Amino acid sequence: MSSKKAQQTPAEVLKSLELSGQEDLDRQIKNWVSWDRNEATLDQVLDAVRDQDWQALRVRLCNRIPFGTGGLRGGMRAGFDSINDLVIIQTAQGLAAHLSDSYPSIQKRETQGVVVGYDGRYNSKRFAQLTSAVFLNNNYKVYLFNRMTPTPFIPFAITALKCLAGIVVTASHNPKEDNGFKVYAANGAQILPPSDTKIFEAIMANLEPKPSSWDLSILTGNPLVEDPYRQIYPLYYDTLRKLLPPVYLETNECSQLRFIYTPMHGVGYSFMREAFYQARLKPLIPVPEQKDPDPEFHTLVYPNPEEGREALLMAIKKAEAEHCTVILANDPDADRLAAAELDAKGRWKIFTGNELGALLAWWALESYRTRTSKPDVSNCVMLSSTVSSRIVGAIARAEGFTHVETLTGFKWMGNRALELQAAGRTVLFAFEEALGFMFGMSVADKDGIAAATQLATMACHLRSTRNLTLIEKLREIYDTYGYHAAISSHYICEDPDLIETIFERLRNFEDDQPGTYPKSILDGAFEVVHVRDLTKGLDTAYADRKSRLPMIPSEQMITFTFTNGFVVSLRSTSRDHKLRYCSEICGLPEEKEWLELNDKLHRMTQAVIDEFYQPNLHGLMRASQFDAQ
């Protein structure tokens, strides 16, 4: 390459190349080349132009990665449809503009500002630094963690430091190719609609990067930037310890129970080690190959604890070598918890999210009664999402506290919990079946570190005081409050129109009459007692037929409740091309034939799938066999 050619700017290089002749695509190619200053992603686009790969360029440049309540998440590569330096800068610029509109006070922005954290993935630190540079250039105080931190530290820091917002760069348990940009509001909970739409509009109004947005030198020696780690670290553990009454700390100290732990190549180990030290538990025994952060996740196909046994194979091997009976696992950003226990027959039981939810809900109430001098159970609240087990509701009815159901996702549970707390209620616990648990209110989001510490303390307490295992305690909970078992899986459907047709048939079930839903399955063998259609805001359980949960017209979600305690939710979102189903049999305490209930669960679930989704008629492909819970 000649020196003259080597000195050419990207724009000059582009001028020498033939473009597609498609006006919209060529405009986006020019935008990318004039805006992107990352050599690697810039070269990806220029190489595609040289190769005249217009189809790939159209996919990457004429589509925009969506910004929702979960922020951004996607693959890392060049393109407006992906995660890269340019898209992160655009997103940060939009968020900064949105916050400046929401908080016009310059003093507020300069004193309270934002907190920024990141996980151990490729580019996470750089994306966090670019985000921080954008906010500093907009005269915001920036609390930038200078080391990788668990996601729960971000919402905790927002509350502790009274920040206006928080950002964490993470793709949680996604594959190694992915990254993300997650946003928390000033209350320490994830953002809710319509904030996501307003932020997206602000991003689209601030697409061109300011030259200063690329300049990371602003992070050095700037009075507006501060690492909050030394302040937040001890505060977090002080708060965690307050939920462990002295009697539990003593039991932990005396217990001989040891725990195997895997952070799945994520950030969790050093933070879990400190949590165990503070709780006076025996030191964790980590899975050595998975102990340290590794963006390759080299021992796992998917670094996702929801994968069950597959994700815990190395932890099981380590547990057997160490003669340990309990395994704890966090996902890579440490906001989820998975667990397994060796049963009496020497088999490993991988607990589902619903089973851990039952155990931790019982423990949250037990712990509250132990640590509170005058417990007022009637003022207490626990929350769960609509597709999670109804076991918390059963415990609430028996024990006299309130159970609140929300839409799926901790964004709903965290915000609802804060509302309830502001109204004077004591929020003890919240959970969703996707291994998310919120113990207390110090973090208004799921927290895998706090949940693991509580589960370990519970295991020690049960073993020391009653010689019970977690498996035995779960059976005891079912015996007291009623047997609950669930199934969740999905079918693949690439045709959005077909998804709509399937759900519209259920809404016009009797002779195409609008507002008529199926009344039974298996030729009347099992009858429907209530229908809740959140797409339409309908709930037949109430006299006015209006749903008490928010209406979600952009998604499909219908829940059928049957007379025998069987509940099934059918749902689909436009984004993921899946027809999901989540079913549960909710037995009464006096119903002791658990195998019979389980058989009924499987039989009724299959009937609902066959009669409501009609997979054979539509040629739908099941994702997997029953994921029995």
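Predicted model: local features only at pLDDT ≥ 70, side-chain atom pairs only at ≥ 80, totals over all residues.
Residues 236-344 are 38% helix and 16% strand, and the C-alpha atoms at the ends of the span lie 37 Å apart. Residues 353-470 are 52% helix and 19% strand, with end C-alpha atoms 14 Å apart.

The largest nonpolar core contains 133 residues. Within this core, the residues with the most contacts are Phe 259, Leu 328, Phe 429, Phe 560, Phe 562 and Leu 570. Another core, of 55 residues, lies apart from it, and its members include Leu 130, Leu 164, Trp 214 and Leu 224. If neighbours within four places in sequence are left aside, Phe 429 is in contact with Gly 357, Leu 360, Ala 361 and Ala 364, with Val 381, Met 382 and Leu 383, and with Phe 437, Met 438 and Phe 439.

By class, the lining of the largest cavity divides into seven nonpolar, three polar and two charged residues.

A pocket, unlike a cavity, is open. The second largest pocket has a volume of about 970 Å³ and a lining of 37 residues. Arg 390, His 403, Glu 405, Arg 532 and Tyr 542 are the lining residues nearest its centre. The lining is made up of 17 nonpolar, twelve polar and eight charged residues. Several elements supply at least two residues each, among them β13 (402-406), α17 (410-422), α19 (470-481), β18 (526-533) and β20 (555-562). Helix α16 gives the most, with five residues. This helix spans residues 391-399, and Ile 391, Val 392, Gly 393, Ala 394, Ile 395 and Ala 396 in it are buried. Just after α16, Gly 400 takes a positive phi of about 95 degrees.

Two loop residues remain. His 265 sits in the loop between β7 (259-262) and α13 (268-278). Its relative accessibility is 2%, so His 265 counts as buried. Apart from residues up to four places away in sequence, His 265 touches Glu 289, Gln 290, Asp 292, Pro 293 and Asp 294, as well as Phe 297, His 298, Thr 299 and Leu 300.

Pro 209 belongs to the loop between α10 (195-204) and β6 (225-226). Pro 209 is buried because its relative accessible area is 10%, and buried means under 20%. With residues up to four places away again not counted, Pro 209 touches Trp 35, Leu 86, Ile 89, Gln 93 and Trp 214. Of these, Trp 214 is among the residues of the 55-residue core. Val 134 is 75 residues from Pro 209 along the chain, and the C-alpha atoms of the two are separated by 9.3 Å.

Conventions
Residues numbered from 1 in each chain as written. Heavy atoms only, no water. Buried < 20%, exposed > 50% of the residue type's maximum accessible area, 1.4 Å probe, protein only. Helix = DSSP H or I, 4+ residues; strand = E, 2+ residues; numbered from the N terminus. 1 Å grid on protein atoms, 1.4 Å probe; cavity = no way out; pocket = protein on both sides within 12 Å on 5 of 7 lines; lining within 4 Å. Points joined across faces, edges and corners; volume = space filled by probe spheres on them. Nonpolar A, V, L, I, M, F, W, Y, C, P; charged D, E, K, R; others polar. Core = buried A, V, L, I, M, F, W, Y, C linked by side-chain atoms within 4.5 Å. Contact = heavy atoms within 4.5 Å.
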